Protein chains: 4
Amino acid sequence: MKVALFGAGRIGKVHAASIKTDPRSDLVAVTDVVSEAADALAREHGIEARSAEDIFADRSIDAILIASSTDTHAGLIEAGVRSNKAIFCEKPIDLSLERALEIRKIAASHDKPMMMGFNRRFDPNFAALKAALDNGDIGKGELLAVTSYDPAPPPVSYIKVSGGLYRDMMIHDFDMCSFLFGLPKTVMAHGSCLVDPEIGAAGDVDTAVVVLGYDDGRIATIRNSRRAPYGYDQRVEVLGSKGTLAAENEIENTVVKSTSAGVVSAKPVYFFLERYMRAYSIEWSAFVDAFVEGKPVPASIQDGVNALALAEAANRSLAEGRPVEVTSEMTGV
Amino acid sequence: MKVALFGAGRIGKVHAASIKTDPRSDLVAVTDVVSEAADALAREHGIEARSAEDIFADRSIDAILIASSTDTHAGLIEAGVRSNKAIFCEKPIDLSLERALEIRKIAASHDKPMMMGFNRRFDPNFAALKAALDNGDIGKGELLAVTSYDPAPPPVSYIKVSGGLYRDMMIHDFDMCSFLFGLPKTVMAHGSCLVDPEIGAAGDVDTAVVVLGYDDGRIATIRNSRRAPYGYDQRVEVLGSKGTLAAENEIENTVVKSTSAGVVSAKPVYFFLERYMRAYSIEWSAFVDAFVEGKPVPASIQDGVNALALAEAANRSLAEGRPVEVTSEMTGV
Amino acid sequence: MKVALFGAGRIGKVHAASIKTDPRSDLVAVTDVVSEAADALAREHGIEARSAEDIFADRSIDAILIASSTDTHAGLIEAGVRSNKAIFCEKPIDLSLERALEIRKIAASHDKPMMMGFNRRFDPNFAALKAALDNGDIGKGELLAVTSYDPAPPPVSYIKVSGGLYRDMMIHDFDMCSFLFGLPKTVMAHGSCLVDPEIGAAGDVDTAVVVLGYDDGRIATIRNSRRAPYGYDQRVEVLGSKGTLAAENEIENTVVKSTSAGVVSAKPVYFFLERYMRAYSIEWSAFVDAFVEGKPVPASIQDGVNALALAEAANRSLAEGRPVEVTSEMTGV
Amino acid sequence: MKVALFGAGRIGKVHAASIKTDPRSDLVAVTDVVSEAADALAREHGIEARSAEDIFADRSIDAILIASSTDTHAGLIEAGVRSNKAIFCEKPIDLSLERALEIRKIAASHDKPMMMGFNRRFDPNFAALKAALDNGDIGKGELLAVTSYDPAPPPVSYIKVSGGLYRDMMIHDFDMCSFLFGLPKTVMAHGSCLVDPEIGAAGDVDTAVVVLGYDDGRIATIRNSRRAPYGYDQRVEVLGSKGTLAAENEIENTVVKSTSAGVVSAKPVYFFLERYMRAYSIEWSAFVDAFVEGKPVPASIQDGVNALALAEAANRSLAEGRPVEVTSEMTGV
């Protein structure tokens with residue numbers, strides 16, 4: 001599978017490295033609006049930096065990997081569909097749910113694999129938890145709790161174009177809830193600005209709790225903070241009728257130091273690159289599986305729409321101070 | 001300090017044992033509507049089973065410990081105030097918030113120690129967490145999460161007279177939130193019947209999530225279930241500006257078994273008697289401290305009213321499907 | 001069962017409290033060469049301080065609990081046998097193995113329960129490990145490792161009369177090995193003075209490793225240090241044919257603090273009073289069981305002889321720099 | 001740095017992959033007595049399978065990586081020295097200490113980096129423990145304990161040519177002790193055949209404990225077993241004057257399952273490939289550092305000799321049933 005990469009920034013570099021870990025896929029081209037970034041990544045991988053038009057026109061290129069800025073995702077998906085390429089797209093489809101629903105329609109007729117980059121589904125810990133849950137190890141799931149704290153907030157300049165915490169950060173946790181429990185019926189959002197007043201001044205929250213209600217009475221809780229000084233705190237816990245499953249943090253090393261000051265273990269790994277590096281690689285192989293072996297993609301455009309619908313509902317819920325229903329109008333299904 | 005015990009049931013027995021652990025207090029009498037229960041406990045402790053009237057009339061008795069059924073609490077507090085005794089009362093003051101507010105007024109003029117039995121405040125783990133939080137170990141608290149699952153649901157007959165999950169079970173967690181974060185401003189309740197359909201048929205929930213909002217933006221989340229087959233799951237976690245504090249479960253023993261089936265540790269201790277036995281004893285000593293040394297009681301009638309007000313707000317929130325404000329009308333302050 | 005206590009020092013007080021926890025036993029008298037100590041303990045428990053002669057002559061006293069200094073143990077056991085009392089004796093029987101072997105003979109003809117205070121056998125963690133091992137949870141035991149560090153060394157004045165590390169401190173670990181694996185065949189001792197040069201000047205070691213070899217090829221390793229600044233380090237680990245059992249330390253509380261400095265848990269509980277308080281109580285009940293119900297004592301005089309024989313062998317091994325065999329001459333069996 | 005690989009077996013493949021992870025090194029050739037193995041590895045990496053003579057004669061090849069069978073190591077090192085190549089050699093140098101001492105002399109005059117593949121030194125956990133120890137985090141080290149169990153024994157055919165447990169398996173643990181505590185003065189070995197009687201019939205042990213004594217009184221203990229059904233058990237623990245450092249196992253994932261059967265965590269990762277994959281890569285980069293930047297090699301030929309000398313001493317100790325001194329004759333220093 002010959003792959004062209006859109007976006008040579010931080011996450012683009014991660015994906016470029018992941019593509020190399022699967023012998024069935026080859027990175028053959030890269031493009032970026034910042035041509036220096038594209039050139040640097042191209043040099044590093046011994047490939048060509050090319051224009052987007054050129055890439056879409058090149059029929060030898062089988063797949064595109066969209067890791068460019070969020071506002072370009074929807075357009076690139078459309079172009080990818082038109083030029084008949086397999087498409088892997090970083091989350092989110094778009095900041096606008098309406099636009100995402102349009103993409104959803106376009107995607108319906110595309111016969112190549114299309115996959116959303118919900119990397120956490122491929123984290124070995126969360127995947128093991130999901131497998132145990134599906135296996136009935138704890139009976140039927142009842143209460144789900146997702147904890148997701150970033151080590152430190154991004155610059156406010158980023159916050160301003162991010163679409164807000166629910167769409168930018170919690171979207172991963174919405175997807176985790178859908179991954180484990182399916183699509184909820186109601187969304188109740190709480191949010192505060194406790195970490196950085198400038199984030200509040202920009203109209204966003206940096207600390208948030210969302211409760212998702214399911215048709216059958218199951219309840220999921222998501223906690224987010226833009227700051228956890230001890231590192232990336234990424235945990236999932238499910239209470240079921242027969243027990244609890246909890247996926248704990250990965251830590252920097254296994255050394256434990258006991259002195260008069262206490263018993264000290266290593267911190268969680270610092271951020272998403274450290275925590276999810278393996279997940280990016282496994283995720284990519286799942287996309288190659290879909291292309292090469294025709295397997296279903298494990299994170300579809302519909303999953304991308306669903307997560308965005310939940311973020312949209314959370315925004316409305318926060319604004320209106322009441323639970324908001326997730327309608328079929330919002331998800332297209 | 002000479003003490004008379006009201007109630008010779010399960011929790012009465014626990015308190016009778018706790019009284020013995022403090023050399024400054026003496027259990028001298030017990031009463032119970034079931035005279036056999038009173039007689040048995042009296043025999044075990046080499047004391048007298050007496051009538052309530054007798055106890056209130058006996059001026060040599062310094063204090064009463066109310067561990068009888070919930071519907072008797074308020075009346076016994078009133079009688080205790082009238083007969084000028086120090087009063088230790090199991091939660092809740094009453095199932096009715098109005099009645100609790102009346103008691104609150106009566107208590108205001110009483111000059112003997114009055115204390116509510118919020119035993120979890122005295123659990124060494126939660127107390128250590130509270131001390132670290134107050135000490136600024138994690139900066140300013142921001143997100144609080146209380147997990148509280150019982151090992152198995154009580155009989156439905158109990159559920160029917162319990163006042164419902166929020167007043168009967170979550171009241172402890174409401175108090176834990178007040179203990180750690182103070183009185184919240186809003187209550188948003190979610191609840192389902194997932195454990196036992198008969199509980200639902202009785203009009204109650206057995207699985208619940210409540211989110212508390214604070215004036216300054218802090219947020220607390222409580223998760224309750226009437227069933228955790230692995231034992232009593234009692235955890236508290238606080239994210240602050242500089243880190244996280246988590247009080248984990250106490251486990252049956254420290255043995256870890258590693259075989260081809262996995263690495264198996266002991267379960268959490270089974271239920272409240274196992275988990276909070278030490279807490280009951282420490283709690284009692286705090287009451288004796290208040291009586292003997294004039295120290296402030298660490299869990300006041302106001303704390304009892306506050307917890308009940310939050311339960312009331314949760315009931316309304318669940319019924320109306322929206323957040324409910326905690327007003328001064330509800331707490332008396 | 002009416003009990004007289006010999007020794008009103010630190011461990012005597014612990015036993016006095018334990019006697020109270022079993023309703024079937026009554027502490028009725030105490031004696032101590034320091035009469036002030038005996039008086040104080042007597043007052044605290046509302047009993048009489050009496051002379052040793054008086055106690056032995058009093059036929060209403062069923063049992064004696066020997067918690068006086070080591071050099072008095074053997075003589076008190078002999079007197080206890082003569083006056084036909086049940087006997088509970090703190091470890092060791094005597095510092096001299098020869099003397100212990102004499103006591104062993106005298107004990108053989110005594111028809112009242114005689115029990116050695118090997119308290120660690122009754123620690124719930126080690127008892128659970130033993131139960132799992134005996135239950136075959138890890139198949140057949142192969143490698144045993146006992147870690148036993150005191151938080152801080154005793155005064156050198158104590159060291160000088162202690163009989164040395166192997167007889168004073170490691171004797172508990174020798175008994176733990178016998179408890180779990182039975183009596184070994186060979187003892188190889190290593191020892192150093194690393195903690196306090198004065199201990200070395202007194203002719204003793206403060207850091208030691210002993211390896212025990214068993215007839216069937218099993219091997220046990222004991223590590224001792226007189227200093228572990230983080231608290232009492234008391235662990236046992238067994239590798240068997242199907243897995244490993246490990247009894248870990250008990251810790252002060254379950255609070256975990258995560259900050260930029262790391263993830264900090266509580267230390268192990270400080271010393272033997274904190275760690276083994278429950279064990280002392282369970283141990284006592286086992287002795288009462290033997291007296292009241294005729295059950296076998298779970299730690300016999302033979303167990304006391306065996307531990308002493310291993311200590312003796314360790315001393316010889318250290319002196320001669322070679323493994324020493326444990327002969328039937330040394331254990332009497 | 002252009003590298004030729006000797007040995008295309010299991011460990012050869014691991015090293016071939018590691019070479020790729022450092023952009024400064026290129027695998028250019030492979031050789032193996034089994035030409036099919038060499039061809040397969042060559043094809044996979046797009047390189048040539050060549051003869052050993054050819055490789056030594058090729059002056060464009062900078063370094064050789066010796067991952068062939070143990071009996072070829074010494075000869076290949078000699079040839080590598082003659083042809084002036086940097087040399088990375090898997091442990092051990094040779095099964096014969098005499099031969100290793102010859103190689104040591106030859107190595108002395110070689111001015112290219114020579115490094116022994118003691119991979120565990122590069123495990124991030126052990127490296128972090130070493131860094132903390134050297135940093136004085138626990139004061140001065142006193143007691144070292146290395147636990148090292150394989151998940152399952154190798155075939156007896158392997159055992160027969162392995163040189164025995166001390167040289168084949170415990171050599172890594174001897175090196176770990178040298179890495180952390182330096183070269184010991186005495187070796188006392190214990191060993192049994194408990195896992196597989198055929199191993200005993202072949203004259204070897206499968207279960208072993210070795211105690212190392214240091215000049216200054218420090219003591220190290222190594223425990224080995226050829227079988228741990230729960231996976232590769234690789235732990236190191238050091239007691240120092242101010243506390244303890246422990247490097248615990250790495251586990252398969254972080255999921256914890258709590259049910260009525262207990263609290264189950266994932267097992268340690270299965271074997272050395274899983275546990276030390278990162279270590280192999282870090283190790284290789286250290287060798288490239290030595291070649292490219294002239295840094296000292298972190299595991300020298302002398303380290304290889306030392307480990308072998310300790311194994312030799314252990315063999316003698318086991319045979320003679322007494323501690324054996326490590327002399328300068330044995331280590332060459």
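Trainee: What phi does the residue just after H11(D) take?
Mentor: That residue is Gly294(D), and its phi is positive, about 70°. Keep in mind that we're looking at a predicted model.

Trainee: How do you know that the length of helix H11 of chain D agrees with its number of residues?
Mentor: Helix H11 of chain D covers residues 272–293, which makes 22 residues. At 1.5 Å a residue it should span 32 Å, and its end C-alpha atoms lie 29 Å apart, so the two values agree.

Trainee: Where does H11(D) bend?
Mentor: At Arg278(D), by about 35°.

Trainee: Let's move to chains B and C. How many residues are in contact there?
Mentor: 23 residues of chain B touch 23 of chain C. The area buried between the two chains is about 1600 Å², with 54% of it from carbon and sulfur atoms. On chain B's side, Thr254(B), Val255(B) and Lys257(B) supply 31% of the area buried against chain C, more than any other three residues.

Trainee: Why is the pair Asp137(B) and Lys257(C) called a salt bridge?
Mentor: The closest N and O atoms of Asp137(B) and Lys257(C) are 3.3 Å apart. The cut-off is 4 Å, so the pair counts as a salt bridge.

Trainee: What makes up the side of chain B that touches chain C?
Mentor: Helix H6 (124–134), strand S12 (243–247) and strand S13 (255–259) of chain B each supply at least two residues. By class, that side has 9 nonpolar, 9 polar and 5 charged residues.

Definitions and conventions. Residues numbered from 1 in each chain as written. Chains lettered and ligands numbered in written order. Predicted model: local features only at pLDDT ≥ 70, side-chain atom pairs only at ≥ 80, totals over all residues. Heavy atoms only, no water. Helix = DSSP H or I, 4+ residues; strand = E, 2+ residues; numbered from the N terminus. Expected span 1.5 Å × (residues − 1). Bend = angle between axes of the 7 residues up to and from the residue. Contact = heavy atoms within 4.5 Å. Buried area = accessible area lost by both parts, 1.4 Å probe. Salt bridge = Lys/Arg side-chain N within 4 Å of Asp/Glu carboxyl O. Nonpolar A, V, L, I, M, F, W, Y, C, P; charged D, E, K, R; others polar.
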